[in-house]
Amino acid sequence: MTGRPKLQSALLGLTPFVALVLIWQVAPSVFSYPAYMLPTVSEVGRRFIELTLNGELARSVGASLLRLAAAFVVGNLIAIPLGVLLAMNARVSRIVMPVAVFLQAVAGIAWAPLAVLWFGLGNTAVTFLVVNSVFFSSFYNAISGVRSIPPVLWRAVRSLGASPWQVVRELVLPGAMVQLLLGLRTSLALGWRALVAAELIIGTNGIGFLMMDATKWYGTDTIICGIVVIGVLWLAVDRFVFAAIERNTVRRWGMVNDN
Amino acid sequence: MELSGLSSPVKIAVRGLTIDYPGAAPAERQRVLDGVDIDLHDGEFLCVVGPSGCGKSTLISAIAGFLTPEAGSISLDGKRVQGPGADRGVVFQEYALLPWRSVLDNVALGLKIRGMRREEREAKARHFLELVGLADVAAKYPHQLSGGMKQRAAVARTLTSEPEIVLMDEPFAAIDAQNRLILQEEVLRLWSTLGLTILFVTHSVDEAVFLGDRVIVMAPHPGRVASVVAVDIPRERRRWPAIGSDPDFIRLRDDVLARVRAEHGARRQ
C-alpha cells in the first residue's frame with residue numbers, strides 16, 4: 001500500500017544529491033581553479049576505490065565507529081539515569097542543575113586543550129571529548145521527557161501499588177520514550193560531529209585523522225571521500241536504526257503523529 | 001425504607017479532613033477542604049455532588065493518598081491512610097491508561113506490579129475485560145479505542161486489582177450523553193454483582209441520584225459537607241430511560257438540585 005509513495009519520496013530525497021554531483025561534474029568547464037582544490041567526480045571515485053581496496057578506509061572508519069560507540073554508551077549511561085533521577089527528585093535537581101548549566105556552556109570541543117594535557121594526543125582524549133558532547137542532549141531530553149508525563153498517569157500507577165522502581169520501569173521509561181529517542185538521536189549526531197572534529201585536532205587515527213593527514217600532500221580527493229563517508233554513514237544510521245526503533249515503539253503506541 | 005450500606009461497618013472514615021493548596025506566595029494559600037466528615041460503609045454506593053470549587057475531586061485525591069492533609073484523618077478499616085495504595089482503586093476522568101501498553105496489559109498492570117505470573121494475571125484480566133464488554137479489543141492499544149471504551153478499560157483495570165473500595169472521580173464527564181447512561185447502568189451492575197464499595201464524585205445531579213444509596217452535597221469556599229440525602233429508590237427501578245419519569249426520582253433529583261443551587265448561589269453573595 002505504501003510501496004509507491006515510499007519509493008517516490010526516496011527518489012525526491014535523492015534529487016539534491018544528484019544535482020550537487022552534476023554541478024560538481026560541470027564545474028571545471030565553467031570556472032577555472034587549480035585541480036588540487038577540487039578534484040573531479042571520477043578522481044574522487046578512483047581514490048575511494050583505492051582507499052577501500054588497501055583497507056585504509058575500513059580501518060579508519062572502524063576506529064572512529066568503535067570510539068563513537070564507546071563514548072555513546074558511556075555518555076548515555078551517565079546522562080539518562082541522572083536526567084531521570086533529577087526529573088523525579090526536586091532536591092537532586094536543585095543540586096545538579098546549576099553545575100549542569102555551567103558545564104553545558106563549555107561542552108564538547110572546548111575541553112580539547114585540557115583533554116590533551118590530561119590524556120595526551122590520541123584515543124583517550126578524543127573519547128573524553130565525545131562523551132562530553134554526547135551527554136547533554138540525552139541529559140536534557142531525559143529531564144523534559146520525564147516531566148512531560150501527565151500527572152494523572154503517575155497517580156494511576158502509584159494507586160495500583162507500584163514501588164518507586166516499578167514506577168520507573170512501568171511509567172517513566174516508556175512515558176519519556178519519545179524524548180529519550182530524540183535525545184539519543186541528537187546525541188549520536190553531536191557525538192559523530194565532535195568525534196570527527198576531535199580526530200582532526202588531536203586524533204592519531206580514525207576518519208577525521210585520515211582527512212587531516214591528507215592535507216599534508218594536498219589529498220583533496222581523500223578529504224572529499226571522508227566527507228561523503230561521514231554523511232552517508234550518518235544518513236544510514238538515522239534512517240535505518242532510529243526510524244526503525246521509533247516505528248516499533250512510540251509510533252505503534254500512538255505517541256507521535258505524522259503531519 | 002432500605003438503605004443498603006448504612007447498617008454495615010464503616011470502610012472509609014474521613015474525620016475533620018482539612019486540605020490547603022499552597023499558592024505561589026504564602027498569602028495565596030487556599031483552603032480547599034475544611035473539616036470534612038464522611039463515612040463510607042461496606043457495600044455502599046456513595047455519591048458526592050457540588051458546584052465547582054467545592055473540593056469534591058480533592059476529596060478523592062486525599063482518600064487515594066495523593067495529598068497530605070493539613071488536619072484530620074482518613075482511615076480504611078480503622079487503619080490510617082498514608083500515601084497511595086492498591087487497597088483504594090481509582091478511576092480517573094482522563095482514563096489514565098498507559099498508551100504504550102495494550103488494553104490487556106493495562107488491565108493486568110496492577111497484578112503485574114503485585115508480582116503475579118503472566119498467564120495467571122492475563123487470565124484474570126481477560127475475565128474483567130469480559131465483565132466490562134471489552135473482550136474483543138484486548139490486543140488493541142488505548143489510542144485505538146473510543147472514550148467510552150477507554151473508560152470501560154480503566155474500570156476493568158481498577159477492578160482487576162480487587163481493591164477494598166473504588167474511588168471514581170467524574171469518570172463519565174467526558175463521555176457522550178448516550179454512552180454515559182449506558183455506563184451508569186453498567187457500573188450499577190458491576191457494583192451489585194461484585195459487591196463493590198464505591199465513592200463516586202460527579203457534577204451531574206441526575207447521575208448521583210441514579211447511582212447512589214446516599215448523595216452528599218458539598219458547599220464551596222472552603223469545601224465542606226452541606227447535606228446528605230438518602231436515595232430510597234429500589235435498585236430494580238434504576239433503569240434508563242424509565243427512571244427519568246419516576247416520581248421518586250424526580251422528587252429526589254429536584255431536592256438535590258435545589259441544595260446544589262443554594263450552595264452555588266451562596267458563593268456569589
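Before we start, helices (H or I, at least four residues) and strands (E, at least two) are DSSP runs, numbered from the N terminus. This is a predicted model, where local features need pLDDT of at least 70 and side-chain atom pairs count only at pLDDT 80 or more, while totals for chains, interfaces and linings use all residues. Residues are numbered from 1 along each chain as its sequence is written, chains are lettered from A and ligands numbered from 1 in the order in which they are written, and side-chain values use heavy atoms, with hydrogens and water left out.

1. Chain A has 11 helices and zero strands. Its C-alpha trace spans about 70 × 55 × 30 Å along the principal axes. Of the contacts (heavy atoms within 4.5 Å) with a separation of 6 or more in chain A, 72% join residues 24 or more positions apart.

2. Of the 259 residues in chain A, 39% are buried. Here buried means under 20% relative accessible area, exposed over 50%, and partly exposed in between (1.4 Å probe, protein chains only).

3. Helix α1 (residues 3-30) of chain A gives the most to the patch, with six residues. A:L22 sits in that helix, α1 of chain A, and A:L22 counts as exposed because its relative accessibility is 53%.

4. Over all chains there are 30 salt bridges, meaning a side-chain nitrogen of Lys or Arg within 4 Å of a carboxyl oxygen of Asp or Glu. One of them pairs B:R31 with B:D20, with the closest N and O atoms 2.8 Å apart. That pair links distant parts of the chain, 11 residues apart: B:R31 is in strand β2 (residues 30-41) and B:D20 in strand β1 (residues 10-21) of chain B. B:D20 is buried at 13% relative accessible area, whereas B:R31 is partly exposed at 41%. Both belong to a salt-bridge network that also takes in B:R29, B:D34 and B:E70.

5. Another salt bridge to check is B:R237 with B:D248, at 2.6 Å, N to O. B:R237 lies in the loop between β10 (224-230) and α8 (247-268) of chain B, and B:D248 in helix α8.
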